[in-house]
Amino acid sequence: MSVLTRDEAQTRAQFLDVQRYRIELDLTTGGEDTFTSRTVIHFTARTAGDTFVEVKPAVLRSVTLDGQPLDPEALAGNRLALTHLTAGPHELHVDAVMNYSHTGEGLHRFTDPADGETYTYTQLFMEDVQRVFAAFDQPDLKAAFDLTVKAPDGWKVLANGITEQQDDGRWKAATTPLISTYLVALAAGPWHSVTTEHAGLPFGLHCRRSLAPHLDADADELFEITRQCYDRYHEKFDEPYPFDSYDQAFVPEFNAGAMENPGLVTFRDEFVYRSAVTDTERQTRAMVVAHEMAHMWFGDLVTLQWWDDIWLNESFAEYMGYQTLTEATRFTDTWVDFGIVRKAWGYDADQRPTTHPVAPAPEAVPDTASAMLNFDGISYAKGASALRQLVAWLGEKDFLAGINTHFNRHKFANATLADFIDSLASATDRDVHAWARQWLGTTGVDTLTPTVTEADGNWHLTVTQHGERPHRLTVGAYDRDLNDGRHLVLRERFDIDVPQGESATARPGRRPALLVLNDQDLTYAKVRLDETSAETALRSLSGVPDALTRAVLWNTLRDMVRDGELEPAAYLETARAHLAEEADLAVVQGVLTFAAHITDRYLPAGERPTALALLTDLTRALMRRTEDGSNPGLRLTAVRHFIDAAAQPDTIRGWLDEGSVPGGPELDPELRWRILTRLAVLGATDEQEIAAALTADPSATGEEGAARCRAALPTPAAKEAAWTAMFQSDTLSNYLFTATAQGFWQPEQADILQPYVARYYQDAVPLANRRGPAIAEAAGRYAFPMPVVDADAVHLGETCLDQADLLPALRRKLADQVDDLRRALTVRG
């Protein structure tokens, strides 16, 4: 299959104007394997010449151009040449049989084990539209789409526009406005739906029937978030919502968190909660709702011209999602979660050899395969952080004025980085073009280091920047509470600008006990602490009054561990000293997650038992704190991490047998499978118990839980069976592959797993080439031998990366994982 190059796309965009697609899909033929796709494309050639159309069929039955048949055998990979076109209008007909997908790409087909019902949905991003219908597949050839679908009786068909069932049983969707090919969407099946209306538009929520009671329980909350975000965006944006309806479909085995299809946003259906969740997890779901709705304007109404500008979609939606959630909903502290979770993702990605600018140079994204690699912590978290810094520097009024100019100039069309910067520049006297060069065209994380001195009744602050970007940031000065030495009080916050080099300022009085650079987390940089502040932070972190400041400090300690400046054990001891008093759940979850990472990867095997015992003590303290039922989210978090850190099976076995944790909560499916997975790791369960648990929970997540448990069993037979399923059978869906991989590699099982380290590199490469990018990404992320941290593992990874035939998706993941192995070795040293 040929990937589309930037040069080819530019040539085709100059040559063609595409007006309309008429797509007819028949999901009643072909059984479980295939469906029929018929496409009519109306387009105009601006001059005489040649071009091509893309399609990836199981069988290409017929093609006609302007009524004249073309040879289906002329299909070369995914391209069908269209030669000797005359200038003027043309009509292309393509009739094909297409394969269903089981990897979340193209038209994914899923049969629910809970009730036997079947569902299909599209994910057409980047190049996967070609798996469903023929197309001139690039984002800047927008067109109107007419979609008709023949579906089995009892099914409902959802699409970008309002759908209606015709007299012949077919479903017809309203014609779309001009949109890109990758944004066409379809979801067909016996959906359970909850509907309402807002601002004159139909709103809908949809999920599998087996999840109906769980969606019904949360429908009011989801609709409230949707309405609040919709209304807030209409206050911010001059352009009204540009589509005829707003459906949100929660679909099975979805590879991403969600996809911004106009009028039909698809979400992974783990967001329909079967089990208890924390309020922070509800906030995350709400943020995804806000993020995808922002895309209706930035991404759908105005679309990138080529994939080097993917940040224009994702960074904007990421920033706007968090900011709008904070402004318009009950989730008013979303930037704390962003700071300790998403931002850490960006910092990590930006310190790897695979980092790239937020806005890479055109030559850095020469084709669609390279573009796909940029959906990472840079394009999301770093880009959103850059926009947050831009708003701090520019002011929100001018920022929004520039955004609205951009929408007005390019609605229902395409735009580039240069277009976006020009729109911003039109709203301000500041040099936005220089800002863009410094922030969007560079790589790496700047580090800001304070030096504090006292003289003449003042304290003096010098901030040294190790990096290339100017920063506007807030500095927080804190004193000890005279009435309670454990707590700190804010003396003052003040803003400073830090150019390249150094910035100095003087303030009256004695130096503060704690000085926090980037106190409100408005810039993107690693910050360090002066010696006095470091001592105060380690001793009094839980006494800092503001959650966002505490998140900045925890991130500082995290960065210091990763950079070899703070012993991993010191971070764990700080967590034990302060986390039991932490009030913000996002902070607790973020710190516990990194503490587990330290325990699994940054400590030698001999120190792991002590670290697990520390985590057990810490989570037990959190559970004691929540015995009164005052904070169920914190208690649930503590219980989860207690299970994951259990070094002996007795306590969690008792919970499983009793069906509850003493003092709560009752064990729901998620907790049952979590306990059973840990028991499997410890060798304290067997196939009979796993099979019985699956009988009790015969759902899709139950199947995933059983696969995870079976792969986690510490026996040669279990490991070999899991390996065969992952790397040789090619029958696992994307989700079952991931679950099996998650269970397979366990730090406690180093001896039995050692032979599989070399086998991984032998088997992952052909697997990726056979099964494609989605499985390649899963193999690189989840099936990688992460617990094995030694020089031999690094050497094997480096040798594999020297191969020329690596699928780009696998190469990128392996490069990141091998670099993380090197860092883990350095930290251990």
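Predicted model: local features only at pLDDT ≥ 70, side-chain atom pairs only at ≥ 80, totals over all residues.
Let me start with the strands. Strand β2 covers residues 34-45. Nine of its twelve residues are buried, so β2 is largely enclosed by the rest of the structure. Which strands pair with β2? One is β1, residues 16-26, joined to β2 by ten bridges and running antiparallel. Look at Tyr21 there: Ile41 of β2 stands opposite. Another partner is β7, residues 88-99, also antiparallel, with twelve bridges to β2. In that pairing, Ser37 has Ala96 of β7 as its bridge partner.

Now an open sheet. Four strands, antiparallel pairing, in the order β8-β9-β14-β11. Why do β8 and β11 each have a side without a neighbour in the sheet? Because β8 (106-111) and β11 (156-159) stand at the edges, and each has a single partner strand. From one strand to the next, the twist averages 10°. Inside this sheet, β9 (residues 118-123) pairs with β14 (residues 186-189) in the antiparallel sense, over two bridges. Here Thr120 faces Ala188 of β14 as its opposite number.

Next, another open sheet of four strands. The order is β26-β23-β22-β28, and the pairing is mixed. Which strands sit at the edges? β26 (501-508) and β28 (526-527), each pairing on one side only. Between them in the order are β23 and β22. Strand β22, residues 447-455, and strand β23, residues 458-466, pair antiparallel over nine bridges. To find your place on screen, take Leu448: Gln465 in β23 stands opposite.

On to a single residue. Lys382 lies in helix α7, residues 378-394. Is this lysine buried or exposed? Lys382 is buried, because its relative accessible area is 1%, and the cut-off for buried is under 20%. What does Lys382 touch, leaving aside residues up to four places away in sequence? The contacts are Asp350, Val358, Gly377, Thr442, Thr443, Gly444, Arg469 and Tyr524.

Now helix packing. I have two pairs to show. Take α13, residues 568-578, against α15, residues 608-625. The axes are 9 Å apart and the angle is about 15°. The two helices are therefore roughly parallel to each other. Their crossing is left-handed. Who makes the contact? From α13, Leu572, Glu573, Ala575 and Arg576; from α15, Ala611, Leu614, Asp617 and Leu618. By class, that contact has five nonpolar residues, three charged and no polar ones.

Then α18, residues 669-681, with α20, residues 700-712. This pair packs at an angle of about 15°, axes 8 Å apart. That makes α18 roughly parallel to α20, because angles under 35 degrees count as roughly parallel. What is the hand of this crossing? The crossing of α18 and α20 is right-handed. On the α18 side, the contact residues are Trp673, Leu676, Thr677, Ala680 and Val681. They meet Thr701, Gly702, Gly705, Ala706, Arg708, Cys709 and Ala712 of α20. Sorted by class, this contact has seven nonpolar, four polar and one charged. One more general point: an α-helix has 3.6 residues a turn, so residues three or four places apart point the same way.

Gly654 is in helix α17, residues 650-658. Gly654 is partly exposed, because its relative accessible area of 27% falls between the cut-offs of 20% and 50%. Gly654 and Leu713 are 59 residues apart along the chain, and their C-alpha atoms are separated by 19 Å.

Last stop, helix α24, residues 773-781. Which of its residues are buried? Ala774, Ile775, Ala776, Ala778, Ala779 and Gly780. And what covers them? The cover includes α22 (734-744), α23 (750-771) and α26 (808-828).

As for the sheets, β8-β9-β14-β11 has antiparallel pairing, while β26-β23-β22-β28 is mixed. That's my tour.

Note on methods
Residues numbered from 1 in each chain as written. Heavy atoms only, no water. Buried < 20%, exposed > 50% of the residue type's maximum accessible area, 1.4 Å probe, protein only. Pairing = 2+ DSSP bridges. Axes fitted to C-alpha atoms, helices over the stretch in contact; angles between N-to-C directions. Parallel < 35°, antiparallel > 145°, perpendicular 65-115°, else oblique. Left-handed = near helix turned anticlockwise from the far one by under 90°. Contact = heavy atoms within 4.5 Å. Nonpolar A, V, L, I, M, F, W, Y, C, P; charged D, E, K, R; others polar.
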